[in-house]
Amino acid sequence: MSGNGHSYGEQAGEAAPELAQEAAPTTAPSVPAAFGLFSSDTKKNEDLKQMLESSKDSAKLDAMKRIVGMIAKGKNASELFPAVVKNVASKNIEIKKLVYVYLMRYAEEQQDLALLSISTFQRALKDPNQLIRASALRVLSSIRVPIIVPIMMLAIKEASSDLSPYVRKNAAHAIQKLYSLDPEQKEMLIEVIEKLLKDRSTLVAGSVVMAFEEVCPDRIDLIHKNYRKLCNLLVDVEEWGQVVIIHMLTRYARTQFVSPWKTDDDVVEEYNENNFYESDGEQKEKDRNVKKTYTMDPDHRLLLRNTKPLLQSRNAAVVMAVAQLYWHLAPKSEAGIVSKSLVRLLRSNREVQYIVLQNIATMSIQRKGMFEPYLKSFYVRSTDPTMIKTLKLEILTNLANEANISTLLREFQTYVKSQDKQFAAATIQAIGRCATNITEVTDTCLNGLVCLLSNRDETVVAESVVVIKKLLQTQPAHHGEIIKHMAKLLDNITVPVARASILWLIGEYCERVPKIAPDVLRKTAKSFTNEDDLVKLQILNLGAKLYLTNSKQTKLLTQYVLNLGKYDQSYDIRDRTRFIRQLIVPNEKSGALSKYAKKIFLAQKPAPLLESPFKDRDHFQLGTLSHTLNSRATGYLELSDWPDVAPDPAVRNVEVAESAKEWTAILGKTKKEKPTEKFYSESEEEEDESASTGATESESGSESEKEDKEEGSSDESSGSSSSSEESSDSESDSKESTAKKTSGAVKESNAEESKKKAKGISKNRNTSSSSDTESSSSEGSSSDSKSVSDSRSDSDSGKSGSATSSKKEEKTAQDRKTPSKQDVFLLDLDDFYPVTTPVAVPTAAVLSPSLTADLEGLSLSGSSVIDQVTTQVFVPTKTHEMLHRMTGKGLSAHYHFSRQPDMFGDHMVPVQVTVTNTTDQKIENIHIGEKKLPLGMRIHEFNPIECLEPGGSVTVSMGIDFCDSTQTASFQLCTKDDHFNVNIQPPVGELLLPVTMSEKDFKKEQGMLTGMNETSATIAVAPQNSTSLVIIEKVVKAANLGVVPSGQDNIHRFAAKTVHSGSLMLVTVELKESSTAQLIINTEKTVIGSVLLRELKPVLSQG
Amino acid sequence: MLMRCGPGCHCPSPSPSNLIPKRVTSKESCQATDGKHRQSQKMIHSLFLINCSGDIFLEKHWKSVVSQSVCDYFFEAQEKAIDVENVPPVISTPHHYLISIYRDKIFFVSVIQTEVPPLFVIEFLHRVADTFQDYFGECSETAIKDNVVIVYELLEEMLDNGFPLATESNILKELIKPPTILRSVVNSITGSSNVGDTLPTGQLSNIPWRRAGVKYTNNEAYFDVIEEIDAIIDKSGSTVFAEIQGVIDSCIKLSGMPDLSLSFMNPRLLDDVSFHPCIRFKRWESERVLSFIPPDGNFRLISYRVSSQNLVAIPVYVKHMISFKENSSSGRFDVTIGPKQNMGKTVEGVVMTVHMPKAVLNMNLTATQGSYTFDPVTKVLTWDVGKITPQKLPNLKGIVNLQSGAPKPEENPSLNIQFKIQQLAISGLKVNRLDMYGEKYKPFKGVKYITKAGKFQVRT
C-alpha cells in the first residue's frame, strides 16, 4: 500500500488535495463507493458550513437536513462537527433535534469538541419542560465520551427522582448506556435501578427491568419486593416492556417456586382447608384444579393469572413471551391454553411465522396434545416459503399418531409431488419418521416409498432410498424383495448418497440376496473409478462383506476393487483399502484381528433413530434468540432448574406492609386475634380499595388484584397489612387508597384493642400510621427506609416462629390471658363493643359479607346474645342431582348445601355445584344462563367454567336467596353450545343459619314466641334414637340448627334464624316415656315452622 | 484511481477493497470495530435498509457505529436462499446477529449483539414499516429517500438505546408531523418545521395511544368488519381445511375523550381474539363487550378467529381439468369458477393466480369473461375474472405449451383464488350497537361488512 501511495504522489499534483481528504475520514470502510464523490462532497461541505454559520434558521435547518441525509446514507460528515456543534443551543426545536442526531452519531469520534455541548445539556436537564429534560438526558447519555461519566451519573440520579415518569423512563434507558460506557459504575447504577424498580408508573416499569436485565440480571433479590407490583402492573405496561418483564419474571419464578410438574394427588387436604376459609368463591374455583394435586405458591399463581390476558395481545412478541412463560412455569395441564394463541400468530408475517413455528416444533415434541387439535392449521400451502413449509412439516410429523396418521399420509402424498423439490425431499424424511414411530403404518409407508423409487425426480428417489435404507435397517426380516428392487435401480440412480445407501444395504443383507450381490459388486467394480468418494467407500465395504460370506465367487473381484482403491486419489479411500485388506485377506503379517473380521464387518448394527432436529432444543428457553439459532447466543441467561425447596416466600412481602405490621405489633401487645381475623380484615380492605378505585374510574384489573391478595393471605403473617401495599399500585389513587386502607386497618385493630387503650391512642395512631405509610410509599427517602427495615426486624423477632403459624401464636396469646378461649372471646368482644360502634357502623357498608356477619355478631353481642351466628355444626354430605348426564348430553351436575355462613352476602344460601364432564370432549364455557325466579329470589352466579376436560369435574359455589320459601329456583345451565333447564329446591332445613344462645336466652325467646308462633307434635322415637348424641346428630343433619347447651338430659334445644329475614327458629325436642317425644317449634315464620316440623318428624322416628 | 497507476507500475493491484468492501476483508474490519465494545448491549444496535438490488440506502445506529460490511453476511444468505421469501429472518454472524424482515421490496436488517427475543425485533421492525406506511402512504424506497429526515427523526423517537420508546402512531404524529404537500410548501416558505413544539401529553396519561385535545366538527366512528376465508380445497372439491379470520378496522374521528363500547349480537362466535391495547380485557371477559377509549384515526381494533367447529361456508367452487400429455409438448387447461352459498350476494373481484410448472413455455387460452395474462419468466398465470354471474359461469380454457423434451410435470399447479363479497360477514357476526360515554355530542356511526378470500387454495 505504501508503494501505492507513493505512486500517487509521483503521478500528478492534482491528486494531492484528494489524498488529504482521503486521510481525513477515520471511518474509511464505512464509505464505500463514495470515493469518486469526494471532490463534490467537499464543495458541498463548504457551503454546508456557510449555511450553518448563517443567521437564518431556515438555512441552518436546510443544512442540517442535508447532513442528516448524509448520515443516513452512511456518508461521512464528521468534518462538519465544529460547525454543527455550535448550533446545539439553537432555539429552534427542529434544528436542535437534528443537531442531537448528529451529535449522537459523531460525538464519540470527536470527544474534545463534543464536550462543548455538555453545558447546554446540563442546562436543559433543568428545563421546566419534561420533554426537553428527557431528550437532553437521552442525548447526553448517548454521547459516548468517557470523560463525562460523572456528569451522566449525576444526571441519571437526578432524573430518576424526576416528577415526570417520562423522564424517569429515559433515566432507566440512560442506565444501560452508562453501564456499557463504563462498567465500573455498576454499583452506583444498581442503586438507581433499585430505586426505579420501586416506581409505580407503568411507563417506567418496562425500561427499568430492561436496565436490570442488562446491568445486574443476577441480583434477583432486587425483584422480591417488587414482584407482586410488577405482576399487577403488567397488563398496563406498554407492550415492549411487557415482553422484557415477562422474560425476567420467568427467570425469577424458576428460582423462587417449586416445580408444579410433580403431579398427582399429594396435597388434597390443603385444598379443603382453604376452601373452608376463603370467602371468594370465584377464586377458589380457579384454584381447585391446581390444588387438588399440589399447592402452588400464591405468587406463582399470581404471575400465571396476570399474564394470561396478555395472550390476547396484538403483539406477537408479547404472546410468545406469555407462551414461553406458561411453558416453563405452568402446571402441565394449564400450558395448553397458549396453543390457541400461538396458532393465531401463524396468520402473521413470514418472519413471525418462522419463529413461532420453530417454537411450536419444540413444544410439540414434548407435549403432542397441546397442538393436536390444531393439526390442520399446519397444513402446507403451495405458496408458503420453503422454510415455513419445512417447519410445518416438522410439526405435522411430531403430531402424528395412530389416530391421525392416515389423514397425514394422504396430506403428505400431495406434498411429495410438490414442485419444490427440497420440500418434497423433506416430506419423504417425514414419512420415514412416521413409519418408525408408528409401527402400524410402517409397511404402508415403506410401500409408498418404494413407489416413489420410480419417481422421475432424482432428489426424490435419492431421498427415498436413504429413508428406505434406514427403515429396512429397523426391521430387515422380510424385505428381500425391496432390496432386489433397489439393486435394479442402481443403474439409474446417480445421486451419490442414494447409490451409497443401496450398496450398503446390499452388503449388509448380502445373505438374503446371494445371487444379486456379487453381480452388483461386478458392476460397480467396473465403474469404480468414476464414482464419488462416498460410493467408493461403500463399494469397498460391499466387497469386504462379500469376501467374508461368499469368498468363492467374489474373491477376485474384491481383490480387484482393493487394488483400485490402493491407488485412489483420496487418502481416505487408500486408508480404508489398506485397513480392509489387512483385515480380510489372510497373510502371515495379519494380526490377531483378522480372525474377527467377520464379527467386525457383519456385526449387528443398531438401527438409526429418526429424530426431529428440534428434539434437544428445549434446553434453551423458548422464544429466545438462542432457541432460534439452536446455539448459545451471547448474553443468554440460563433458566435455572426448579429449586427443591422454595425459598422463603416472605421475602416478597412488601415493606409498607411491614411497617404497618410492626405498628400493630408494638401497639397491640395485648391484642388478641381471632383465628380467622386475617381473612376478614383483608376482605374489608379489598372492599375499601375497590371502592376507591371504582371512584376514580380506573380499569386497572382491580378484580384480579383482589383475588391475588386473598391468595397471598394464607402465606402472609398479617394479611391486613400486606394488601395495603399491593392494592395501591395505580399511581393516581395510591395516596388516597393507602390512607383509606390504613385507617381501615386501624378500625380493625381498634376492635381488638383493649378498652382502656382504645380511644385516645388509636386516634394518634391513626394519623401517624397513615402519614407514615404514605410517605414511605411515595418516596423512599433514606430515613424512611431505615425505619422500615428496623421495623421489619422488630416484627420478625416478635413473630415467634414461622410466619405462617400465626394461628398458633394467637392462641397462645389468648391462653395467656384466660384459660377458656371461647368465653373470653365473647367477653372481650363485649368489652370492645362501645369502642367499635362508632367506627364499625360506617364501614359496614363496604365490608365483605363475611365480615358483616362477623361484625353483626360482634356489635349485637352486647344487646342480645341470641343472634350470634355460629359456624355450622354439621355439613351435610347429601348431594342432589341437578342435571343427569343423559339429559345434559354428557354434562352432569350435582349440588349440595355447604352451609358455609354467608359466602355471598346476607340472605344467600350457599350451594355447591359439582359439574362433571362425562363426554370424551372438552366442554367449554359452563355458566348460568337465563333465570326463572319467583319474585324476590336472587342468584349469585358462579363464575363461568372456561373449560372442562373430559372426565374432569369442577365444584363451584353459588348463592341463592330463597326468600325463606321452599320455592324452586329454576335457571339454565349453559355450555358453549347447549343450555339445560335445571332447578334447585331447598329443603327447609337449609334455609336456616344456626345461632348460639344460652339456655336462659332460649327460654326467654321461646316465651315470646308462643301461641300462633308455636307448632308442636308428638312423635314416636325409635329406640336407637333416644340417646342425646344421636338426636343432636340427626336433627342437625336434617336442618342447619345450632345446638343450645341444655341442663336437662331429656330436653334438647336447637336455635337458628332464617337466612333471608333473620327470624328466630327455636326447636325443642323433649323425650317422654315409652319412646315418644314432644317436638316443639317456635317461630314467627309459622309456615316454615310447620314445614320444618313435618320434616323433622320422620328423622327422629325412623331408625 | 486505477488509471493513475502507470503501465509499468507493479503495485499490488490497487486493491478494489478500498472501494468496495470485499467479503473477506470486511469481516476482519468488522471484528476490529467490535473489539472496542465488548460489553453486553441489548436490543437493536443498528438498522440497515436494503433494496432488492442489494443497495444499502439507509443506515441508523443507536449505539456505536457498526460497519455496513456486516450486511455482507446478509447478502450471502440472500444469495443462498434464491428467492427473497426464503431469506432466513435470523442470521448468525461471528460477532452479531442479524434479524431481518422483508416488506414492500425492502429488507429491514437489524443488527443485534446479544440475546433478545427474536419476535421482539421482528415485531418492532414491522411496526417501523407500518409507521412509514402511515406517514408516507407507502413504505417504498423512494418514499423513504424523499423523507429521509422525517425517517431519521422517527427512528430516533421510536428507539432509545435500541429499546422501543414511542411506537404508537398517535404519539409519534404529535412529535413529528407527517408530511403533506401543503405543509411542505408552507414549511419551505415560512421556514417552520415538521417537528411538533408542543408536548405529547399522551405520554403521560394512562392512555398512551390517544392524543389529547382532539377536535372534529363532524364526529364519526366507522367500523369495517373484514373476514377472510382461509381454505385448502382438494382435487375432488372437498374442503381439507377452512377457517375464518376476521378483523375489525376502525376509523374513529371523535372529539375529546370518548369512551366507546361496542357489542355484538353473537359474540360467542369469536373464538380467539387479539386486541388493540386500548380494549378493556376484563369487560370482554365478563360481558363480551368491547369497551375502549379509541386512538384517534385509523387503527385495528381487534382481530379474531371464528371457532373451527363452525362449518365454513365456501362461497365459490372451481371445476378444473388440467392435464399434461406424456411425451408431447402440450397440455390442456380448463377452469370454471362458480358461486356457491353466497347468501344472495354477488361474488366479485375474483382473481385467479396459478404458478405453472417450470416446464410450461406458454399458454394459449380463451376466457369467456375477464382477461388473463401469463408471464413466461415467472410462470405465473393471472386471470382477472371480475364479478361472477350464476347465469354464465366464467371459464378459461386452452392449450399449454411445454418445453419439448422436458419431462411431464409431476404435479398439477394449485389455484389461488381471490374474491370479495360486499355487505356480508361470512361467519354471521353482527355488530349490535355502539354506545358512547364521556362526551355529549352525537357521533355518526357506521359499520361495513366485507368477506374476502384469504389464503384460498384449490389443489388440482
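How many residues lie between S3(B) and S4(B) in the hairpin that they form?

1. The hairpin of S3(B) and S4(B) has 4 residues between its strands. Helices (H or I, at least four residues) and strands (E, at least two) are DSSP runs, numbered from the N terminus. Strand S3 (residues 90-92) of chain B pairs with S4(B) in the antiparallel sense over 3 bridges; two strands pair if DSSP finds at least two bridges between them. Within this pairing, Ile91(B) stands opposite Leu98(B).

2. The model is predicted: local features need pLDDT of at least 70, side-chain atom pairs count only at pLDDT 80 or more, and totals for chains, interfaces and linings use all residues. Residues are numbered from 1 along each chain as its sequence is written, chains are lettered from A and ligands numbered from 1 in the order in which they are written, and side-chain values use heavy atoms, with hydrogens and water left out.

3. S4(B) also forms a hairpin with S5(B), with 2 residues between them; in that turn Asp104(B) has a positive phi of about 50°. S4(B) and strand S5 (residues 106-112) of chain B are antiparallel, over 7 bridges. The bridge partner of Leu98(B) in S5(B) is Val111(B).

4. In strand S4 (residues 97-103) of chain B, 7 of the 7 residues are buried, so the strand is largely enclosed by the rest of the structure. Buried means under 20% relative accessible area, exposed over 50%, and partly exposed in between (1.4 Å probe, protein chains only). In a regular strand the side chains alternate between the two faces of the sheet. Both faces of S4(B) are covered, with Tyr97(B), Ile99(B), Ile101(B) and Arg103(B) on one side and Leu98(B), Ser100(B) and Tyr102(B) on the other.

5. Chain A contains an open sheet of 5 strands in the order S1-S2-S3-S7-S5, with antiparallel pairing. Its edge strands, S1 (880-883) and S5 (938-940) of chain A, each pair on one side only. S5(A) pairs with strand S7 (residues 953-961) of chain A over 3 bridges, and Asp961(A) in S7(A) is the bridge partner of Arg938(A).

6. Helix H31 (residues 533-549) of chain A has 17 residues, of which 14 are buried, so H31(A) is largely enclosed by the rest of the structure. At 1.5 Å a residue, H31(A) should span 24 Å, which agrees with the 25 Å between its end C-alpha atoms; the expected span is 1.5 Å times one less than the number of residues.
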